[in-house]
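Please keep the structure in view while reading.

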Amino acid sequence: MQITAALPVAKMVGANRLVLGNGIVHVVGDAKVSAEDEKKLRRKLVEQALAAMQK
Amino acid sequence: MRIVHYLNQFFGGLGGEEHAGTALETRVGAVGPGKVLEQYFGGECQVMTTLICGDNYAVENQDAVIDLALEQIRVAKADLFVAGPCFLAGRYGMAAGALCVAVQNKLHIPAITAMAAENPGADLNREFMYIVDSGDNGAKMREVLARMAALAQKLMRGESIGSPGVEGYLSRGLIRDQFVERSAGQRLVDMVLKKFKGEAFESEMSPTQFASVPLPPAIDLASAKVMLVTDGGLVPKGNPDKIQGSAATRWGVYSIKDCQDLKGADYEISHGGYDPQFVRQDPDRLVPLDVMRDLEREGVIGHLHEEFISTSGLSNPLSNTRRMGREMAVRAKELGIDAIILTST
Amino acid sequence: MQLTLAYHPVNSIGFGERLSLAGTALTVSQEELRAIVLEEALIEAVDFVIAAPNDSLRAGPVFDIVEPRAKAPGASPDWPGILGPPQTAGSGMTHVLTGAAVTMLREDSSGDSRGATGYILEMSGAPAAGSHYSTLQHLIVVPHTRSNIPAAARQRAYRLAQLKIAVRLAQAAFAIAPARTEVFDNSDAETRAGLPRLAYIGQIFSRQRKPEADEHILYGADTDGMLPTLLHPNEWLDGALVPSYHASIGGAESYFYQNHPVILELYRRHQAGEINFIGAVATIASANNFDRERNTRFAANLAKWALRADAAVLTKFGGGVPHTDLSETARLLETMGVKTAVQVTDAARDHKVESALLFNFPEVDAIVCIGGNDTHWKLPQVERVIAANSGLAELLAGPIEIESHNVIGVANQQGASRLRSVVY
């Protein structure tokens with residue numbers, strides 16, 4: 001399954017499982033928050049991705 | 001006639017990728033390519049306002065940017081909205097296309113942009129508007145602006161627009177009828193003879209390709225073997241497989257055995273389409289290895305495969321990516337992978 | 001098999017005491033024609049109306065349009081299998097009143113996919129510009145059949161009456177020297193060794209519907225159980241075929257079997273020494289996958305092995321399902337090394353290319369698409385509306401919105417259409 005910030009393209013070409021990433025330059029990161037918060041965010045996105053694969 | 005022109009951070013003169021996060025700004029009059037554009041209207045049109053926005057900001061805040069732009073266009077009492085040309089810049093093309101379509105729908109004035117056929121903004125928007133085919137060579141800027149002006153003038157005058165080949169726009173994938181001189185019977189014989197002789201012929205219709213991807217069944221995570229794949233161009237320092245940053249034809253497989261955390265010093269980015277600094281600082285921001293290790297340790301997933309796959313998705317035509325995707329899938333199946341997380345910029 | 005067409009141009013039709021052709025003026029006797037029509041027991045009364053190009057006139061629903069033609073004595077028979085025994089058509093001399101047409105109307109709208117108006121004949125204005133029929137002098141036949149008879153019987157009566165009239169009119173030309181003659185003969189294949197061998201494969205019926213009881217289609221047979229068959233081009237041109245009664249055929253008239261656009265173009269190239277027009281196959285669109293596999297192989301095999309075609313041109317009869325038979329036949333031919341070009345209608349009600357075709361075979365890439373979903377007109381009121389009853393006349397009087405699919409001569413799958421789809 002795909003984590004991306006550019007959903008329309010992914011949908012158009014037929015990706016079935018999609019999670020909206022956190023921006024283009026750090027799709028599973030965030031440069032604006034502390035390292036600890038960033039890792040939490042990353043974990044959350046990955047967990048969403050994993051959950052999607054259980055459906 | 002009054003024009004509002006949209007440019008990204010680079011063509012708007014703000015700078016390079018490091019300014020891709022800039023919010024929408026307004027300038028009075030024409031900027032950069034807008035000045036050339038005005039010339040091609042032969043003095044009939046003037047750029048009243050130029051809107052400049054960072055490519056990342058535009059994609060990440062599309063709705064807000066559209067609303068702001070529409071307001072500026074209303075205020076400027078524009079007769080025409082022009083965006084780009086965008087060439088191969090994908091985020092730029094997506095934003096330009098979305099803006100043009102919104103302008104057409106909400107303000108009912110003509111809108112035009114230009115980009116290469118492979119730009120993702122093209123496939124998303126070509127059906128709804130005229131997108132001039134700019135090709136991928138930025139050096140042709142003047143030529144592209146001239147064609148944009150010519151087509152825009154026709155749109156403003158309500159003149160009928162000819163075929164994609166003649167007018168220089170990307171085929172919209174739409175059909176209209178036309179009465180022609182030759183009967184269908186004559187056209188059939190003409191066409192089959194050309195085909196028989198191996199001569200070029202123009203078919204009046206062609207089938208379209210997007211096959212739908214069947215949904216693979218759900219998996220049991222706790223026993224699953226998971227692999228990470230990225231098209232963000234993350235490669236080991238030195239780019240041993242020489243994966244191209246744009247229109248990549250190759251993909252690489254890189255070991256993360258016993259690795260808990262990706263270190264910036266060990267990697268580089270071969271991808272021209274985004275500001276790499278954040279991923280360079282911490283590659284886990286693109287390939288989430290650290291989190292996957294945690295999840296593996298906690299038993300949420302069965303096993304993280306000891307390699308990740310990487311290539312660059314920048315400006316990559318379907319002919320490449322379809323093939324690479326298939327090859328990657330074959331590899332994954334051979335390794336007994338149950339699930340893949342693909343992270344894309 | 002050699003067919004000679006003797007052309008007698010007609011520029012006007014008028015009523016008079018007896019049938020005659022003087023120069024280009026055709027005079028017809030209503031009394032004589034009425035007697036012919038009333039030979040059909042189910043027809044109680046009939047009216048005749050003359051229409052000329054540019055007349056402010058609309059007629060419909062149209063049952064069929066037939067060019068007045070009569071076989072010279074000693075030639076093959078007129079409309080074999082319908083007006084007489086099913087002997088082979090296509091040889092000897094046929095007298096043709098070019099520029100004229102016998103147009104039979106229906107008494108009810110056909111419903112089904114041609115809706116309330118059925119096919120309309122429009123003699124002036126924008127739709128007329130797209131139809132060959134607006135350039136002809138028409139003798140319009142308005143039938144009044146007994147009520148409460150089966151549709152099949154009613155339509156059979158229309159057919160017989162119309163064909164007899166068409167023959168009778170052309171008999172006026174028997175003793176008259178034609179303006180010119182044209183010979184149709186493709187038996188010189190051995191002299192054309194280096195030229196491409198071209199074949200035509202045309203659907204003449206679609207099993208989307210069963211034929212009506214006693215319906216004529218091929219030499220008077222209704223094609224039920226028919227397998228694809230070789231049918232010489234001259235047979236197509238000279239009375240072996242009439243279209244089905246069913247209106248949802250996407251445009252097919254006897255007139256364009258007689259003046260078959262594909263066959264005439266292939267003959268023209270043959271006569272010009274460019275190709276070897278090696279023959280034709282008549283086929284039907286199938287009702288199910290099993291039949292389709294069988295029929296498409298039969299058709300392809302005939303073209304490849306019996307005709308030894310290098311290339312083939314294919315048309316269909318009917319709607320979407322025939323699309324599939326058409327493309328599958330073409331695909332098979334391509335795998336056998338025969339180059340094909342196919343004619344389709346535009347299936348895209350949403351005007352999108354991705355919806356236009358019901359097949360996706362890379363080798364079937366030479367496609368003539370006659371569009372139709374993008375063309376419609378608002379027809380004004382006209383001075384004369386010709387219809388079999390007042391209800392229909394009121395419906396057709398106008399103003400009325402009409403699609404190109406409903407204008408006879410604009411919608412046509414025999415190759416006459418000058419409409420094409422343009423992708424933009």
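Within β4(C), A25(C) is the bridge partner of S12(C). Helices (H or I, at least four residues) and strands (E, at least two) are DSSP runs, numbered from the N terminus. The model is predicted: local features require pLDDT of at least 70, side-chain atom pairs count only at pLDDT 80 or more, and totals for chains, interfaces and linings use all residues. Residues are numbered from 1 along each chain as its sequence is written, while chains are lettered from A and ligands numbered from 1 in the order in which they are written.

Strand β4 of chain C, residues 25–28, pairs with β2(C) in the parallel sense, over four bridges; two strands count as paired if DSSP finds at least two bridges between them. Both belong to an open sheet of three strands in chain C, ordered β2-β4-β3, whose pairing is mixed. Its edge strands, each pairing on one side only, are β2 (12–15) and β3 (20–22) of chain C. On average, neighbouring strands of this sheet are turned by 25 degrees against each other, direction ignored (axes are lines fitted to C-alpha atoms, for helices over the stretch in contact, and angles run from 0 to 180 degrees between N-to-C directions).

Strand pairing also links two chains. β7(B) runs antiparallel to strand β23 of chain C, residues 419–423, and five bridges join them. In β23(C), R420(C) stands opposite Q178(B).

The contact between these chains takes 30 residues from chain B and 45 residues from chain C, with residues in contact if their C-beta atoms, placed from the backbone, lie within 7 Å. On the side of chain B that touches chain C, β7 (175–179) and α8 (184–197) of chain B each supply at least two residues, and α8(B) gives the most, with 11 residues.

Technical notes
Contact = placed C-beta atoms within 7 Å.
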